[in-house]
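Dear colleague,

Please find below the structure that I am handing over to you. My notes on it follow directly after.

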Amino acid sequence: KLVYAVDASGHYQGSQSDGWEPEAYATQLAVQELLDLEAEAKAGWERGELSPLKFLMYHYRLDEPALAQITGLWQWRIRRHFRPAVYRGLSASILGRYAEAFGLTLADLTRYQKDVA
């Protein structure tokens, strides 16, 4: 990773950073954790235990605080929307907030809906 440092004569010079490998490793760990959470949420959704919301949240590299900030909803409400029965009762307005947060159309978001009681 290129960083700039002042040399002996007081001029800025490009220099290689020693911190690139640890930074890359930390990024890989974070991405792997999101992939694991996404897979777990997708399995829960496919079993009918979760709404698609939690899967989509991780799929689009968000967490609850980020999704709450984007949608303007409280985190406790978002966690409640992870329940399939609650999710099925959401208004088009709330679903529209989620669709916008994920960069989807409302029609695309509703395609994730399962018709499970």
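**Notes on the model**

A66 lies in helix α3 (helices, H or I with at least four residues, and strands, E with at least two, are DSSP runs numbered from the N terminus). The model is predicted, so local features need pLDDT of at least 70 and side-chain atom pairs count only at pLDDT 80 or more, while totals for chains, interfaces and linings use all residues. Residues are numbered from 1 along each chain as its sequence is written, and side-chain values use heavy atoms, with hydrogens and water left out.

A66 has a relative accessible area of 24% and is therefore partly exposed (buried is under 20%, exposed over 50%, partly exposed in between, with a 1.4 Å probe and protein chains only). Between the C-alpha atoms of A66 and E23, 43 residues apart along the chain, the separation is 22 Å.

Leaving aside residues up to four places away in sequence, Y98 touches L53, L67, T71, L73, I78, H81, L90 and L109 (contact means heavy atoms within 4.5 Å).

Y12 belongs to strand β2 (residues 12-16). Y12 counts as exposed because its relative accessibility is 63%.

With kind regards
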